[in-house]
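Some terms used for protein models rest on cut-offs.

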Amino acid sequence: MMAPTFFESRNVVKDLAPLKAHRREWKGVHLRDLFRDDPGRAERYSIQAGDWFLDYSKNLVTERTLQLLHDLTRRARLPEAIAAMFKGERINLTENRAVLHVALRAPETADFRMDGVPLTPQVHAVLRRMKAFAEAVRSGEWKGHTGRPIRAVINIGIGGSDLGPAMATEALRAFADRRLTVRFVSNVDATHFVETVRDLNPEETLFIVASKTFTTQETMTNAETARAWALDSLKDPAAVARHFVAVSTNADRVAAFGIDTHNMFEFWDWVGGRYSLCSAIGLPLMIAIGPEHFQDMLNGFHLMDRHFAEAPIESNLPITLALLGVWYGACWDAHTHAVLPYDQYLARLPAYLQQADMESNGKSVDARGRPVRWQTGPILWGEPGTNGQHAFYQLLHQGTKLVPCDFIAFCRPHHPIGDHHAKLLANCFAQTEALAFGKTAEEVRAEGTQGRLVRHRVFPGNRPTNTLLAPELTPSTLGQLIAIYEHKIFTQGIIWNILSFDQWGVELGKKLAGRILPELLDPTADARGHDTSTNQLIRRYREWSKPLH
């Protein structure tokens, strides 16, 4: 396994040393002082890229900080790494794969290749098939087994085959055909399937089974249950071909399931699951919002891809977000990062980004397999505003932990009712102001508070935030936003000298579950081959899972 040159002989501890030394200079420095002494700070520490405006002025940075962070990208050979990804080099070293999700949203005139083979024609051939199928379902041309048009589309997947299209379908609900119900089943807990189909008619329901290998345990368990549910009403096994399609590459297993392989939409091993929304994995989204809006989303992705690849480091929006995260993780002991969308349509965005970020950069060995001695991916979490303000913002403002936050908002609402949107954004902007500047004891006393209560009402401030602002939530701005975070994750992985595009950490639990499952299903099976805790849990399950009557 030969590593690209930007992974060779990196001493990340040495690379981070100047930043750590700079951090020691920050004692006693407060954002109140930085803004007071520099009237142009807000304008200078802002970036416009596509439709997105980033204000990062409320971060604990100075010109010296930014200079050191920019130097870090050059020591990490980030420009070389970006070029290698876009050229289709096999930068996923442990799986010997290219990383070319950027090819999924490029126009037909683009020339993405892997090992000399053009990829763009393959991508657009699948997109055309997706478009034709989506239009057939949306128009009513595609009929179920009994001749009825499809009214409900259920995507069955998990991880990258679920989180991306589920998040985006909710985010773009304002652009969806409301005559269609589009839902998602992922959890192997039967409750998820039962509650999802409870009010649906099998004659009018289409299932999309999304699994590259068609062997994923959770997905195929739910798919088998869906087939049984449909055939319980439709009776004829031939009905499967009219009520199931597949997103997969395993034609034999797809056919054995009963799906017509003409209705199998492929994607490729150079597309990681958590980066696959723009591939055939996005089929339920395309059905929901229509091919034109889906293309608008792809165009938004591509716009930000070009910005990431071409903009100078100093004015590169994804790189700037990445560097700020490195700064807080390496030098401020920040272990988590909050994503706070002030738009209800983006309620699933934090969950989506949890996988994108934590599955990518939750690594403890570097590209060469050596243990790291620096902090890598943060714990990412969040909720939509203003809900979070009445839940966990107390910790953000007055807790003992430093939590950098991304505030995401749009200037125009989809539902302009009264002053709802003005109140929403007033809260968004106010929170970043409060987190940055806080409230001093003198200010609290000036408001009439005295004694020990003063300490309880002091806000220390100096809590860093980014504000990402766009005119409106559209397919294009959503595509741009997701691409921002994808490229932020990639940049941080390069700086930390880790491999962002494998996920071996999910394997062990699945393998052990395969050992435990037959011991749960067969009460006579020998269940003593684990540690004493696991053996005890298996025994307790066997006892308590027996029918009560």
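Q: How do the residues lining the second largest pocket divide into nonpolar, polar and charged?
A: In this predicted model, the lining divides into seven nonpolar, eight polar and four charged residues. Gly counts among the polar residues in this scheme.

Q: What makes up the lining of the second largest pocket, and which residues lie nearest its centre?
A: Its lining has 19 residues, and Q344, P413, H415, H421 and L424 lie nearest the centre. Two or more lining residues come from each of β12 (405-412) and α17 (420-437). With five residues, α17 gives the most. The volume of this pocket is about 400 Å³.

Q: Which residues of the largest pocket lie nearest its centre, and what volume does the pocket have?
A: The volume is about 1100 Å³. Of the 39 lining residues, T216, Q503, V506, E507 and K510 lie nearest the centre. The elements giving two or more residues to this lining are α9, α15 (349-361) and α21 (507-521). The most come from α21, which supplies four. By class, the lining holds 13 nonpolar, 17 polar and nine charged residues.

Q: What makes a space a cavity and not a pocket?
A: A 1.4 Å probe fits in a cavity but cannot get out, whereas a pocket is an open set of points. Six cavities of 30 Å³ or more are found in a search of the whole structure. The largest cavity holds about 110 Å³ of space.

Q: What lines the largest cavity?
A: Its lining consists of 13 residues, and G325, G329, A334, H337 and P378 lie nearest the centre. At least two lining residues come from each of α14 (317-331), β10 (336-341) and α20 (475-496). By class, the lining of the largest cavity has five nonpolar, seven polar and one charged.

Q: Why is S161 called buried?
A: Buried means under 20% relative accessible area. S161 has 14% relative accessibility, so S161 counts as buried. This residue lies in the loop between β5 and α7 (163-171). Leaving aside neighbours within four places in sequence, S161 is in contact with N155, A210 and I281.

Q: How do you know that the buried residues of α8 are on the same side of the helix?
A: The buried residues of α8 (residues 190-197) are F193, T196 and V197. They cover an arc of only 80° around the axis, and therefore lie on the same side of α8. What covers these buried residues includes β5 (152-156), β6 (181-185), β7 (205-210) and α9 (217-234).

Q: What makes a set of residues a nonpolar core, and which residues have the most contacts inside the largest one?
A: Members must be buried residues of the nonpolar types Ala, Val, Leu, Ile, Met, Phe, Trp, Tyr and Cys, joined through side-chain atoms within 4.5 Å. The largest nonpolar core has 132 residues, and W270, W327 and F490 have the most contacts inside it. With eleven residues, α20 gives the most to this core. Apart from this core lies another of 23 residues, among them I156, F214, M220 and A246.

Q: Which residues does W270 touch, not counting those up to four places away in sequence?
A: The residues that W270 touches are A98, V99, L100, H101, A103, L104, M114, L119 and V123.

How values were computed
Residues numbered from 1 in each chain as written. Predicted model: local features only at pLDDT ≥ 70, side-chain atom pairs only at ≥ 80, totals over all residues. Heavy atoms only, no water. Buried < 20%, exposed > 50% of the residue type's maximum accessible area, 1.4 Å probe, protein only. Arc of directions from axis to C-beta. Contact = heavy atoms within 4.5 Å. 1 Å grid on protein atoms, 1.4 Å probe; cavity = no way out; pocket = protein on both sides within 12 Å on 5 of 7 lines; lining within 4 Å. Points joined across faces, edges and corners; volume = space filled by probe spheres on them.
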